[in-house]
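This briefing goes through a protein chain topic by topic. Look at the structure below, then read the points that follow.

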Amino acid sequence: MLIRNYVQQLKKEFKNYSGADLIKDLMAGLTVAAVALPLALAFGVSSGATAAAGLVTAIIAGLVIGAFSGGFYQISGPTGAMAAILMSVIAGYGLQGVFVATLIAGVLLVLCGIFHIGRLTSFIPAPVITGFTSGIAVIIAMGQIDNFFGVASEGSSAVQKLISYGRLGFPVNLQAVLLGMFVVLFMVFFPKKWNAVVPASFLSIIIATVISVIMKLDVETVGAIPKTLFLEDRLDIAALNFQNMKGLFGPAVSIAMLGMIESLLCGASAGKMANVRLNSDQELVAQGIGNIILPFFGGIPATAAIARTSVALKSGARTRLTGIFHALGLLVFMFILGPVMARIPLSALAGVLMVTAFRMNDWKEIRYIFSHHFKGAAAKYLITMAATILFDLTTAILLGVVTGLVLLVSRLSHIEINYEKVDMSRINNTDEKLNKKYENAAVAYLTGTIIFANTQNIEEIIVKMQEFDTVLLSMRGVSYMDISGAITFMQVLAELQKQGKKIFLCGVPGSTMNMLKRSGIYDMLGENNFYWSVERALLEEGEAA
C-alpha cells in the first residue's frame, strides 16, 4: 500500500516535469544548502557531537529522507529540538549511545508509519506543542552559554550546566562574546528582502570567520572537517547489545516521538503553503529509514525542519529533487570548503543558535494565549515548557496532555440547570383546563454533560422540584451522559416518581437517548413520557387527558 502510494505520488509529482522546473529545483536546493550549512554545523556541536556529525546528518537525511518523503517540500536534517535531547544521552552513554538510540528510534518511526500511529499527534493540544517548543528553545540557548561566552561547565543537562557555573566560575572570553554578539545583531538587523538572496546566518558566519582569522582571535573553532561521509566515530555493531538497547529504549522513544511530532507538524504547515497534503504514514517511514541509516555514517538523529522547508518553498521548489540538491550542495561544501569551515568560531555558531532558539518560539500564539487570558491554555503551555526544561520531552508531552485532559474534564463536568415555573400563556394556550392542570408544573433546562463529576448537581433537582407536582426536564442541551451520570439520573427520577410527580423528558438528543435506553431509564419512564419539546409535552399530554 505504502509503496503503491509512493509510486503514484512520484508520477503525479514529475508529470510534465521540464528543464525549467529542474533549474528551479536546483536553485532552491542550493539556497536551502546555504541556510542549512551553519545550522547543521551548529546543531552538531550543540548536541554534544561534532560539527562534522551535523553536516553528515544533513547530507544523508537530505538524500535518503528527501527521496522517500511524504511531501516533496520536506527538508530534513539535524534540528535544535533533537540536539536538546541528545545532550543527556551523550552524557550518559557517549556517541555510541546516540547511534544506538537513533537506530532504535528509526525502527520505531517505520513501525509508526506502517501502523498509522502518526494520527495520534492530532490529540496533542496546540499549547502543549508550543510549550515544548519554547522549552527546547530555552535548552538550546542555555546549552550555548559555554560557546557564546567562552566558558566551561559540567553536567548532563542544561540546568546542571547552569548550576555548575556557581562552582566553576564564569571567566568570560571577551573576544568570543564580541563575535557571538556580532552574529546575533547581524541576523536580527539584516534586511529581510536581502535574506531571500543571501541567508543572514550564512553571511554572518563567513564574516565572523574572516574577522577571527585576520585578527587571530583566541577563540575555540569547529575543528577539522573530514572529507568523507563515513566519520571515524560511527555506530559500532558491538554497541548493539541487550544492556545498551534496554537502557537507551527510553531516549529512543523520545527521539522517535520528537521526530514524529516535528515532521508531521512541519508537513502540515508546509502542506498548506504548497497546497499539497502530506502523506503522514509515508513521511514517518521515510524518517525511520533515514534514522536507521544515519548511525552507520556517524550521523545524529534527523527530522523535518520547518525553517529549511519554508525556504525551499519560498525559493520555488517543485519536486523532492530540491532536498536532494540541497544535500549535494552540502556535500560540495564539505569537500571544497572543509578547511575554511574548520576555522569557524564556536561563538559565532552559538550566536546563530541563540537567534534560532528565539525564533523557534511561536510568539504569535504565545501572545494570543496570554493576551486573551486563556488560563487553561496558559497552564498547558507553562507546565509543558517547564517539564521540557527540567525533565525530558516524553515527560513534558505526557504532563501537557494530562493537564489538558484534566482541564477538559473539568470544563465538561460543568452542567447548568435553570428552573422555571410553567406559564401556559407563553405557548398561546386558551384552554383553562390546561392552565389549571399545569399551574403547579416546572421546567428544568439542562445544558452540559451528565457525568461522574457533576452528579451532585443532578441530585439537586429533587430539592428544587419539591413543591411541584409536574416536572419537565428539557434535555436538548445534554450532549453526553456516562454510566455514573445515568445511574444518578435514574435515582433522581425514581425519587421524583416515588413522590408521586408526573415526569416528562423533552428534546433528548440521539446519543443521550441511547444511554437512557441502555441504562433502563427509558423503560422505567415509558415511551409516553418522552417528547420532542416542552411545548409539545404540555399540549399533547393535555389533549390526551
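A residue is called buried under 20% relative accessible area, exposed over 50%, and partly exposed in between, using a 1.4 Å probe and protein chains only. The model is predicted: local features need pLDDT of at least 70, side-chain atom pairs count only at pLDDT 80 or more, and totals for chains, interfaces and linings use all residues. Residues are numbered from 1 along each chain as its sequence is written, and side-chain values use heavy atoms, with hydrogens and water left out. Helices (H or I, at least four residues) and strands (E, at least two) are DSSP runs, numbered from the N terminus.

**Salt bridges**

- Side chains of opposite charge can pair when their charged atoms come close.
- A salt bridge here is a side-chain nitrogen of Lys or Arg within 4 Å of a carboxyl oxygen of Asp or Glu, and the structure holds three salt bridges.
- Glu13 and Arg320 form a salt bridge with an N to O distance of 2.9 Å. This pair links distant parts of the chain, since Glu13 is in helix α1 (residues 2–13) and Arg320 is in the loop between α13 (306–314) and α14, 307 residues apart.
- Glu13 is buried at 14% relative accessible area, and Arg320 is buried at 4%.
- Asp21 and Arg318 form a salt bridge at 3.8 Å, N to O. Asp21 lies in helix α2 (residues 19–46) and Arg318 in the loop between α13 and α14, so the pair ties together parts that are 297 residues apart in sequence.
- Asp21 is buried, with a relative accessible area of 17%, whereas Arg318 is partly exposed at 37%.
- Arg167 and Glu154 form a salt bridge in which the closest N and O atoms are 3.2 Å apart. Arg167 belongs to helix α7 (residues 158–168) and Glu154 to the loop between α6 (145–149) and α7, so the pair joins parts that are 13 residues apart in sequence.
- Arg167 is exposed at 58% relative accessibility, and Glu154 is partly exposed at 43%.

**Aromatic rings**

- Rings of Phe, Tyr and Trp (its six-membered ring) pair if their centres lie within 6.5 Å; planes under 30 degrees apart count as stacked, over 60 as edge-to-face and the rest as tilted.
- The whole structure contains 16 aromatic pairs. One of them is the edge-to-face pair of Phe14 and Tyr17, with 5.2 Å from centre to centre and 70° between the planes.
- Phe14 is partly exposed at 30% relative accessibility, and Tyr17 is partly exposed at 25%.
- Phe230 and Phe297 are stacked, because their ring centres are 4.6 Å apart and their planes are at 25°. Phe230 lies in the loop between α10 (200–215) and α11 (242–274) and Phe297 in the loop between α12 (280–293) and β2 (303–304), so the pair ties together parts that are 67 residues apart in sequence.
- Phe230 is partly exposed at 47%, while Phe297 is buried at 15%.
- Phe148, Phe149, Tyr165 and Phe170 are linked into a cluster by ring pairs.

**Charges over rings**

- A charge sits over a ring if NZ of Lys or CZ of Arg is within 6 Å of the ring centre and within 35 degrees of the ring normal.
- The charged end of Arg476 sits over the ring of Trp532, 4.6 Å from the ring centre.
- The charged end of Lys517 sits over the ring of Tyr522, 5.2 Å from the ring centre.

**Cysteines**

- A disulfide is a pair of cysteine sulfur atoms within 2.5 Å, and by this rule the count is zero.
- The closest cysteine sulfur to that of Cys266 is in Cys112, 18 Å away, which is too far for a bond.
- Cys266 is buried at 3% relative accessible area, and Cys506 is buried at 1%.

- Met424 lies in the loop between β3 (415–421) and α20, and it is buried at 4% relative accessibility.
- Met424 and Glu535 are 111 residues apart along the chain, and their C-alpha atoms are separated by 9.0 Å.
- Asn435, in helix α20 (residues 432–437), is partly exposed at 24%.
- Asn435 and Ile451 are 16 residues apart along the chain, and their C-alpha atoms are separated by 35 Å.
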